[in-house]
Amino acid sequence: MAGLIYVLNGPNLNLLGKRQPEIYGSETLGDVEAKCRERAGALGFDIRFLQSNAEHQIIDWVHEAREDGVGIVINPAAYTHTSVAILDALNTFEGPVIEVHISDIHKREAFRHHSYVALRADEQIAGKGTEGYVMGIERVAALLSK
Ligand code: DQA
């Protein structure tokens, strides 16, 4: 294995598939995990796929990734727009960080247009649906191969 990629999910994403399906689609987070695991495996990576509604838990997982992870794909959900603490945690991580949003945050309410995480992320993928996660894994792999 080429290493472990952390795929981190923020608040309310545990309800994916049930939550505002007109915006976020009908796939569950379990479906997304399966797609990520398959693509990562094909690229020679393992993944640790995690979700929490708690900001401190996401920060702790970023710290864990400092020890065991080669890259991070993160959908911080609402914390994208509020969390300097998650930005600070990501700034301590040395590998590639890809920010993913299922919806296109730039075409939604004004308060979703700003992302603190974007100040650290190597790239942001938004509005590609859950495929954005798979693209995020591909981008981590590509950045690591440079
Ligand atoms: C989201 C977009 C955020 O604005 C929102 O708070 C979410 C999900 C997305 O995946 O499109 O919870 O990150």
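Two axes count as roughly parallel when the angle between them is under 35 degrees, as roughly antiparallel over 145, as roughly perpendicular from 65 to 115, and as oblique otherwise. Here the axes are lines fitted to C-alpha atoms, for helices over the stretch in contact, with angles from 0 to 180 degrees between N-to-C directions. The model is predicted, with local features needing pLDDT of at least 70 and side-chain atom pairs pLDDT 80 or more, while totals for chains, interfaces and linings use all residues. Residues are numbered from 1 along each chain as its sequence is written, and side-chain values use heavy atoms, leaving out hydrogens and water.

Helices α2 (residues 29-42) and α5 (residues 131-144) pack at about 25°, their axes 9 Å apart; the two are therefore roughly parallel to each other. Helices (H or I, at least four residues) and strands (E, at least two) are DSSP runs, numbered from the N terminus. Contact means heavy atoms within 4.5 Å, and the residues of α2 that meet α5 include Leu29, Val32 and Cys36, with Tyr133, Val134 and Ile137 among their partners in α5.

Turning to α3 (residues 55-68), Ile58, Ile59, Trp61, Val62 and Ala65 are buried, where buried means under 20% relative accessible area, exposed over 50% and partly exposed in between (1.4 Å probe, protein chains only). The buried residues of α3 fall within an arc of 160° seen down its axis, so they line one face of the helix; the arc is taken from the directions from the helix axis to the C-beta atoms. These residues pack against β1 (3-9), β2 (45-51), β3 (69-75) and α4 (84-90). On the other side of α3, His56 and Glu67 are exposed.
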